[in-house]
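Keep it brief, and state the cut-offs.

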Amino acid sequence: MRDSPDGRGRIILLNGTSSSGKSTLARALQDALPDPWTEIGIDRFVFSLPGRYLRQPLWSEVFRYVPRTDRDDGSFTIETGPLGQRLMSGMHRTAASLAAAGLDVIVDHVILEASWLEECLHLWAPYPVLLVGVRCPLDVVEQREHDRRDRTIGQAAAQHDVVHRWCEYDVEVDTSVLPAAECAGLVLEALRAHAR
């Protein structure tokens, strides 16, 4: 696969819950793709904030965990705060800027709002975009979340029924069934087909 003939960068959007395997897939794609693909993602942007914003009370300016009133098991929904909205918009614009500079970009995302996808598709309209659904059963992401010890317990469950709601994908992979290298192979096949 060669660089885009008109100098435009390409974008691969990996969308899935926390702990679904997106970051591992992004690394596998970078290893498999012959061209240099940059990687940006929601975690990278969130953790670029000052440390005090990663704890309460300032964390609520980024994301709010709202207890569910219909259940008493400690589960919650996630609402985006004003700083989180600006951060996500900045990430979407960063991907567009990188593609405009002729760089290929993998975006590791958790699309929690329809408006985020709409913004991505609007900003990225001038560039070839491949939409990848990164699927993983809830019990598996919950176990991964527990094992990693660097995630908020319950976050993946809060995202699970939301994250794929608005996307129509070019390809989907299930990281509970296939290793990252094989998932990357499926994405590469889709990318080649998408380029025709």
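## R64 and E79

R64 and E79 form a salt bridge, with their closest N and O atoms 3.6 Å apart. The term means a side-chain nitrogen of Lys or Arg within 4 Å of a carboxyl oxygen of Asp or Glu. The pair links distant parts of the chain: R64 lies in strand β3 (residues 63-67) and E79 in strand β4, 15 residues apart. Helices (H or I, at least four residues) and strands (E, at least two) are DSSP runs, numbered from the N terminus.

R64 is partly exposed, at a relative accessible area of 31%. E79 is partly exposed too, at 37%. The classes are buried (under 20% relative accessible area), exposed (over 50%) and partly exposed (in between), computed with a 1.4 Å probe on protein chains only.

## Basis of the values

This is a predicted model, in which local features need pLDDT of at least 70 and side-chain atom pairs count only at pLDDT 80 or more, while totals for chains, interfaces and linings use all residues. Residues are numbered from 1 along each chain as its sequence is written, and side-chain values use heavy atoms, leaving out hydrogens and water.

## Other salt bridges

The count by this rule is 7 salt bridges. One of them joins the side chains of D108 and K22, at 3.7 Å from N to O. This pair links distant parts of the chain: D108 sits in strand β5, K22 in helix α1 (residues 22-32), and 86 residues separate them. D108 counts as buried because its relative accessibility is 6%. K22 is buried as well, with a relative accessible area of 6%.

E172 and R135 also meet through their side chains, at 2.8 Å from N to O. E172 belongs to strand β7 (residues 171-174) and R135 to strand β6 (residues 129-135), 37 residues apart. E172 is partly exposed at 41% relative accessibility. R135 is partly exposed at 32%. A network of salt bridges links R10, D35 and D104.

## The sheet

Which order do the 5 strands of the open sheet take? The order is β2-β5-β1-β6-β7, with parallel pairing. Two strands pair if DSSP finds at least two bridges between them. The edge strands, β2 and β7, each pair on one side only. On average, neighbouring strands are turned by 20° against each other, direction ignored.

β6 and β7 run parallel and are joined by 4 bridges. R135 has D174 as its bridge partner in β7. Helix α1 packs on the sheet and touches β1, β2, β5, β6 and β7. Contact means heavy atoms within 4.5 Å. The direction of α1 makes about 165° with that of β5. Axes are lines fitted to C-alpha atoms, for helices over the stretch in contact, and angles run from 0 to 180 degrees between N-to-C directions.

## Helix α3

Helix α3 covers residues 82-100, and its 19 residues should span 27 Å at 1.5 Å a residue. The expected span is 1.5 Å times one less than the number of residues. The end C-alpha atoms of α3 are 27 Å apart, so the model agrees with that expectation.

The buried residues of α3 are L83, G84, L87, M88, S89, M91, H92, A95, A96 and A99. What covers them includes β1 (11-15), β2 (37-41), α2 (42-46), β4 (76-80), β5 (104-109) and α4 (114-123). Just after α3, G102 takes a positive phi of about 90°.
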